[in-house]
Amino acid sequence: MNDFIPFTNEGRGEKMKLVNGFDLMQYAKQKGYILPAFNTTDMEMTYAIAQGLSDAGLPGYIQISSNNLRLSNPKMIAELAADAVRSYDIPVALHLDHGKSFDHVKACLEAGFTSVMIDASHLAYEENIAEVRKAVEYCHFYGIPVEAELGALRGKEEDILHESDAKTDPELVEEFVRRSGCDLLAVSVGNVHGLSIQPDIDLPLLKQISEIAEVPLVLHGGSGIPAEMIRAVRQYGVLKINYGSDLRKEMIRSFGEAYEKDHNAHDVISLSLQAVENVRAKTAELVKMVNCQVSA
Ligand SMILES: [Zn+2]
C-alpha cells in the first residue's frame, strides 16, 4: 500500500494515453458500454478513479468541473490524469465538467483535456445555443467533442445551489442540437445534483428526448439514482452518466470516521491512502453497476 500512488514522472513527453473523447464514445457504442464520468477533485481522487476503472476493466471518464479548477488547475490535472492512466490498458478520456466559460474550455484544451462540456444552460435559449456553438467551432477544429446542457438541474453543483427545476423541453431538442452542433446532450429529466434531494426520473420524457436527439444523452447526478433506474435509462440513448457525490462521500467518510474516533487524529498519510482505496473500490463498483456487471 505504501507505493500506491504511482506518480513517477517517467515517460514525461511520451504520447499521452488519455483517449480522445470522440474515440471513447465510438468505442462505447460499438461495445455497448455506458460510460460513467467520475469527478475528480485533486491528485488522490484522480489516481483512485483510474485504478478503480482499471480494476473493473471498463472504460470511462475522469472529469473535473470548472469550479474545481480553483483547487487543481487544468495543466496539473491533465498531467496527473495522463500519469494515472499511463500503466493501464483501459480507455479513459479527460473531460471538463460544467465548463463555465469559453476561456475555461480553451485552457483545458491547451492543457490536454480530450473532451469538454460548456454549460450555458442558465442562459436564455438563444444565448445557450450561441455559447455552445462558439465552443463547438473551436473544439471541433482540434477534434474534441463538446457536451452541452438543455434544461436545468436542481441541487448543488459544487458551491452553487440551483433552485430551478426546468426539465428539458423535448420540443427544443432537435433544433438545439442542430444549431449548437453539440456532440453530447445533458438532459434534465428529474435527475438532481448532490445527495440531499431525491431524484425522480421521468422515463417517458427521457424516452421522448432519446427519440428526437441525434446525439448521445448525458445524465448528471448519477450518485442518487438507484441501480434499477440506471438499468432502465440504458435503453434511452444515455451514453454518459456523471458521478461526483458518491466518490466525494467516500473521501470525506474516511477522514470523518477517523476524527469521530479520535479528535487528535492527524495521520493524514495513512488516512489519505485509505481514502484512495475507498474511492477506488466505489469507482469499480459504480462502473460495473452501470454496465450491469453486478446485481446491485
Ligand atoms: Zn452536473
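Modeller: Start here: α6 passes α7 in a right-handed crossing. A crossing counts as right-handed if the near helix is turned clockwise from the far one by less than a right angle, and as left-handed if anticlockwise. This is a predicted model: local features need pLDDT of at least 70, side-chain atom pairs count only at pLDDT 80 or more, and totals for chains, interfaces and linings use all residues. Residues are numbered from 1 along each chain as its sequence is written.

Colleague: At what angle do α6 and α7 pack?

Modeller: Two packed helices are described by the angle between their axes and the distance between the axes. Here α6 (residues 170-180) and α7 (residues 203-212) pack at about 30 degrees, with axes 9 Å apart. That makes α6 roughly parallel to α7. Axes are lines fitted to C-alpha atoms, for helices over the stretch in contact, and angles run from 0 to 180 degrees between N-to-C directions. Under 35 degrees counts as roughly parallel, over 145 as roughly antiparallel, 65 to 115 as roughly perpendicular, and the rest as oblique.

Colleague: Which residues in α6 and α7 meet?

Modeller: P170, V173 and E174 in α6 meet L205, Q208, I209 and I212 in α7. Contact means that the C-beta atoms of two residues, placed from the backbone, lie within 7 Å.

Colleague: How do α9 and α10 pack, and at what angle?

Modeller: Helix α9 (residues 245-261) and α10 pack at about 150 degrees, their axes 9 Å apart. Their crossing is right-handed. From α9, the residues involved are D246, L247, E250, M251, S254, F255 and A258; they meet L271, Q274, A275, N278, V279, K282, T283 and L286 in α10.

Colleague: How many helices and strands does the protein chain have?

Modeller: There are 10 helices and 11 strands. Helices (H or I, at least four residues) and strands (E, at least two) are DSSP runs, numbered from the N terminus.

Colleague: What radius of gyration does the protein chain have?

Modeller: The value is 18 Å; a compact globule of 296 residues would be near 19 Å, so the two agree. The radius is taken over C-alpha atoms, and the globule rule is 2.2 Å times the number of residues to the power 0.38. The C-alpha atoms fill a box of roughly 55 × 45 × 35 Å along the principal axes.

Colleague: Which residues in the largest nonpolar core touch the most other members?

Modeller: In soluble globular proteins, nonpolar side chains tend to be buried together. The largest core here has 83 residues, and A81, V116 and L185 touch the most other members. A nonpolar core is a set of buried Ala, Val, Leu, Ile, Met, Phe, Trp, Tyr and Cys residues joined through C-beta atoms within 7 Å. Beyond four places in sequence, V116 touches residues including H95, L96, A135 and I144. Buried residues make up 48% of the chain's 296.

Colleague: Is V218 buried or exposed?

Modeller: V218 is buried, with 24 other C-beta atoms within 10 Å. The cut-offs for such atoms within 10 Å are 20 or more for buried, 12 or fewer for exposed, and in between for partly exposed, with C-beta atoms placed from the backbone. V218 lies in strand β10 (residues 217-219). Its contacts beyond four places in sequence are E147, L184, L185, A186, K240 and N242.

Colleague: What is phi of H98?

Modeller: Most residues other than glycine have a negative phi. H98 has a positive value, near 50 degrees. H98 lies in strand β3 (residues 92-99) and is buried, with 25 other C-beta atoms within 10 Å. Phi of C292 is also positive, near 55 degrees. C292 follows α10 (268-290) and is partly exposed, with 14 such atoms within 10 Å.
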